[in-house]
Amino acid sequence: MSRARDLLVSTAVLLFGRGRPRLPERERIIPEKPGRPGWELVAVSLLGLGALAAIAFPLVYGLAKHIPHETQFLGLSLGLSFVLIGAALVVTGRHLIVTEEIEEDYPAEEHPEEQETLVQVVEESGDRLTRKRLFLLSLGGAGAALGVALLTPVVSLGPVFRVGPLLGTPWRRGRRLVDEDDRPWRASDIEEGTFYTAFPEGADKEDLGSSVVLVRLPKDRFQLPAQLARYPADGIVAYSKICTHAGCAISLYRTPMFEPTDPKPALVCPCHYSTFDPADGGSVLFGPAGRKLPMLPLSIDSSGGLRAAGNFDGPVGPSWWGVRLWKANPPS
Amino acid sequence: MIRKAVRFLDQRTGDAPLLRKALRYLFPDHWSFLLGEVALYAFITLVATGTYLALFYSDSTKDVTYHGPYAPLRGQHMTEAYHSVLDISTSVRAGLLIRQTHHWAADVFVAAILLHLLRVFFTGAYRKPRELTYLLGLGMLMISLLEGYLGYSLADDLLSGMGLAIGYAVALSIPIVGANLAELIWNGPFPGTDAFFSRMYIAHVFLFPALIAALLAAHLGLVALKHHTQFRSEPRQTQRKIVGVPMFPGQTPRSLGLLLVTAGVLFLLGGLVQINPIWLWGPYHTYLSTNGAQPDWYLGWLIGALRLVPSFDLTIGGYTLVPNPFWGGALFPLIVFGFLALWPLAERRWITHDYGYHNLLDRPRDAPLRTAIGLGMFTWVSMIFVAGGLDRVTVMFDVDYVTMIWVFRVAIWVVPVIVGLIAHRVCIELQHGEESERMRKRAEHRAKALAETTDVI
Ligand code: FES
């Protein structure tokens, strides 16, 4: 009986006792300040609430299947428990612990004597060498050679000297134009006022040289330069879908995002709004692209299907140092 | 108990004096000193949440068909990478919370670094002896931008792919070596091979975080060795005497509290505020793109620059020396970081000729030229940042996009100069105001003293 009472009393003392005042044996380091039971209560309640929120987290996690918005409740419980416990610590720091403002010297700006010693040690370390310069040179040379050797495997990362593939495309004369599901496009599928995406039959669709946009323009709209005059087929034109600025796919066709000053139809890239004119061979009307859009010559076969009549009239995709050398040496 | 532990430590390490010093290390008390701390705590949150995400993420670009719980994407082809991020978002319990918290933490991380940088710049905290600390910080900021971009790219949704395409074009655009470099990184022409994703993954979860951690350690080590700078709020604070709250007991609960509050706010954001709902964007293919997608805010300045540059590549005959994306995507950030890195040297060499040792901070008004140039630079970058979002203005307020771009192409050169001039003026005025206030006080003082002496007489 008395044992139980002892236990009870000691528990109560543990929880609510203010602690025995210690006898000041020596001079204090941290100055003495009066206690703040009010703030203590605030901190303890914040810790309690934080613990409750923390306990809520596994509960929500366990019940996730049965409650809507589980992510919200998970975030709420975990986030709140962090914030509440953090707040308790901040309260502790600000109100329950003596905030001393102490002065102290900044560390010395420099240590001239130590510096001298260091210099001396380094200098004297090489005294035994009779041909110091030769030795240092060999050391540097060997290090550099080893560095080069260690860097060599980097070359395996990619075809660093083979830039030719950057210019290649799968388009050849006679290649059929197909849609995303490999169904051939027929000239009669292509209507005015919208655009279609086409790929070379059987080629990798992810290849930057593959995808093209198809649009049909009224015949009186065309202002093609002489060398491109035969590129359209029945009023349909095809351009590379990859923006010559930075390689995004051109996915806007005269949308409200870009209101042309004259109502020309225009192909627009949504990344930085390079705008290309489909009526004159793909010239840049506006925006940062530095090259016109490559145009693909088209033909229509006997069954009305669209086919390529050759490769593009220029290199596809974003510019690089050799992109304009394409003209001198067009890939077959 | 405590005594026992301390004795144990001292006997094993022999470093009781060092520990005592560490415990009593002084932190000057100013709210703006917490910005760097917040960045540190966001970094810790990033490492923790990122590690969890890595337990589920796959970096494979193998083509798979989606049969998961998100109905609109069922039957679509996608890479295993994108599939795994979808799974994290829909099937892994608490996965979405952790993913969104990770994303928010990245945004807050960079924001906190930027604010910290502004504080350091405009108070002259980078001056001798803290130039190295400053440069290490700049390095971390640069790596953090890349790190964030990689994280954004790993999800392999439509927006990731568009971002990567632009990154590829910027790499291609580097004069002379660009194409070779891009071929090396992507293992061939865009979109590259499976190996490219492995490379991004190891860089994102190991190389860059380890680099940031190493720089961080050096950064904090240098701070501790040379101690914090401080504002002069009372005469006690001088070049030689630091005034502050000791690490223990004063600072420890506050810092731990800030750590928990930062993490807590990030979890709240991650749970309550949706960010980058990748299931809406769908998988990426080179022939797809979408309109109106905004990247993470810290890439906005680069988008703005890419959009503002007019149409031209610099060519010599048939040789393309500088393709267009270089200007906005590479040269522009190079100029900004170059300016920031060289500023401490330039200032001391050409403006202040001050080679002295500084533990006291300037207020912005104390260094009018620094404030003016810094604000001008900040305005320049901010305006270019805004230019990256002008398409939103077109959508919301129906203002013609092309006109706005032309206005900005001019304004970004004019407005920063005006802002700089005004800032300079304001600083000087403030200084004069203080000076005359001080004179008035002194005169008053003297008059009073005089009155007293005459009284006596
Ligand atoms: S990628 Fe098309 S405009 Fe930049």
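In strand β4 of chain B, the bridge partner of A:Glu103 is B:Val243. Strands here are DSSP runs of E with at least two residues, helices are runs of H or I with at least four, and both are numbered from the N terminus. The model is predicted, so local features need pLDDT of at least 70 and side-chain atom pairs count only at pLDDT 80 or more, while totals for chains, interfaces and linings use all residues. Residues are numbered from 1 along each chain as its sequence is written, chains are lettered from A and ligands numbered from 1 in the order in which they are written, and side-chain values use heavy atoms, with hydrogens and water left out.

Stay with β4(B). This strand covers residues 241–246 of chain B and runs antiparallel to β1(A), joined by four bridges. Two strands count as paired if DSSP finds at least two bridges between them. A:Asp105 stands opposite B:Lys241. β4(B) has a partner within chain B too: strand β1 (residues 26–27), antiparallel over two bridges. There, B:Leu26 faces B:Pro246. Five of the six residues of β4(B) are buried, where buried means under 20% relative accessible area, exposed over 50%, and partly exposed in between (1.4 Å probe, protein chains only).

Now step back to the whole interface. In chain A, 88 residues are in contact with 98 residues of chain B; contact means heavy atoms within 4.5 Å. The area buried between the chains is about 7600 Å², with 61% from carbon and sulfur atoms. Buried area is the accessible area (1.4 Å probe) that two parts lose on being put together, summed over both. On the chain A side, A:Tyr106, A:Glu206 and A:Trp321 lose the most area to chain B, together 11% of what that side buries.

Charges meet here as well. The count between chain A and chain B is five salt bridges, each a side-chain nitrogen of Lys or Arg within 4 Å of a carboxyl oxygen of Asp or Glu. A:Glu101 and B:Arg236 meet in a salt bridge, at 3.4 Å from N to O. Which elements give two or more residues to the side of chain A that touches chain B? They are α2 (37–63), α3 (70–96), β1 (102–105) and β9 (283–286) of chain A. α3(A) gives the most, with 19 residues.

One last stop is in chain B. B:Thr51 is found in helix α3 (residues 34–54). At 47% relative accessibility, B:Thr51 counts as partly exposed.
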